[in-house]
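Hi there,

Here is the structure I promised to pass on to you. Have a look at it first, and then read my notes below.

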Amino acid sequence: MNIPRHVAIILDGNGRWAKSKGMPRNYGHTVGAKNVEDICRVAYEIGIQYLTLYAFSTENWNRPQSEVDALMKLLENYLKNCVKIADKNNMRVRVIGEIGRLSEAFQMSIRNLEEASAGNTGLNLTIAINYGSRDEMVRAMRRMAEDCVSGRLSVDEIGEESFSAYLDTRELPDPDLLIRTSGEQRLSNYLLWQLAYTELYFTEVPWPDFHREQLMDAIRAYNQRERRFGGLEKEEEAPHV
């Protein structure tokens, strides 16, 4: 079986899953956070090298304040605990998104985690927090414009490769497979540039119920598709069009 090198996942359905069980939405987020460690372990065991998870979008600030506060607390605590998890599992962790809106303590947790795990050589886990792809591209264009004004970059040097170097994901390969849980079939402002040639897989299973077998179902579906770039097979080294 061909295992995708990089899998991106939109973690959807925590609140609806909790509601279906007569529990508050925040319970779903707690269970969903616990599921992240399990999926990371499975991903590494089966040979996935990069896993990128959509944890909190720029639009999620519009949710009820109580839910936002609970999510922020949950994510911050998870990142603090993740230092030990990353060390135990030899996992490198990165956070992408506009973290300037997060609390100073939250930002410090992110920096500590990234620094502590920088030398690890196992799974590359990326967590998108306060991330929106349009926001990412606007921030990238601003930095690119600043470099043009300062003379560090010329207009003639601007292209796909140089633009990608300004994105939050500049250290990562583009995803081979995107998975969205819980039935929605849209990208929700997630990795819009990076998903240009990515295979998309949508499942009705909510994130708290998404385990090894569901991940393998997605990979089996991925293996049934012909990866084409510009109308040619990938191995034919087709140009992007």
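**What turned up**

Leu-191 is a buried residue, with a relative accessible area of 1%. Please keep in mind throughout that this is a predicted model.

Leu-191 sits in the loop between β5 and β6. Its backbone is worth a look, as Leu-191 has a positive phi of about 50° although it is not a glycine. As background, most residues other than glycine have a negative phi. The loop between β5 (177–180) and β6 (199–202) also holds Asn-189. Asn-189 is not a glycine either, and its phi is positive too, at about 65°. With a relative accessible area of 15%, Asn-189 counts as buried, because the cut-off for that label is under 20%.

Now for the chain as a whole. You will find seven helices and eight strands in it. The radius of gyration is 18 Å, close to the 18 Å that the globule rule gives for 241 residues, so the chain is as compact as a globular protein of that length. Of the 241 residues, 49% are buried.

The contacts say something about how the chain comes together. Taking contacts between residues at least 6 apart in sequence, 74% join residues at least 24 apart.

Are they buried or exposed? Gly-28 is buried, with a relative accessible area of 0%, while Asn-26 is partly exposed at 31%.

Setting aside neighbours within four places in sequence, Gly-28 is in contact with Asn-14, Trp-17, Ala-18 and Pro-208. Asn-26, again not counting residues up to four places away, touches Ser-66, Glu-67 and Ala-70.

Asn-26 and Gly-15 are eleven residues apart along the chain, and their C-alpha atoms are separated by 6.9 Å. For Gly-28 and Leu-53, 25 residues apart along the chain, the C-alpha separation is 16 Å.

Finally, the cysteines. How many disulfides does the structure hold? The count is zero. In general, a disulfide is a covalent bond between the sulfur atoms of two cysteines. For Cys-82, the closest cysteine sulfur is that of Cys-40, and at 7.2 Å it is too far for a bond, because a disulfide needs the two sulfur atoms within 2.5 Å. Cys-82 is also buried, with a relative accessible area of 0%. Cys-148, on the other hand, counts as partly exposed, at 27% relative accessibility.

If you open the model now, the loop with Asn-189 and Leu-191 is one place to begin.

Best wishes

Conventions:
Residues numbered from 1 in each chain as written. Predicted model: local features only at pLDDT ≥ 70, side-chain atom pairs only at ≥ 80, totals over all residues. Heavy atoms only, no water. Buried < 20%, exposed > 50% of the residue type's maximum accessible area, 1.4 Å probe, protein only. Helix = DSSP H or I, 4+ residues; strand = E, 2+ residues; numbered from the N terminus. Rg over C-alpha atoms; globule rule 2.2 N^0.38 Å. Contact = heavy atoms within 4.5 Å.
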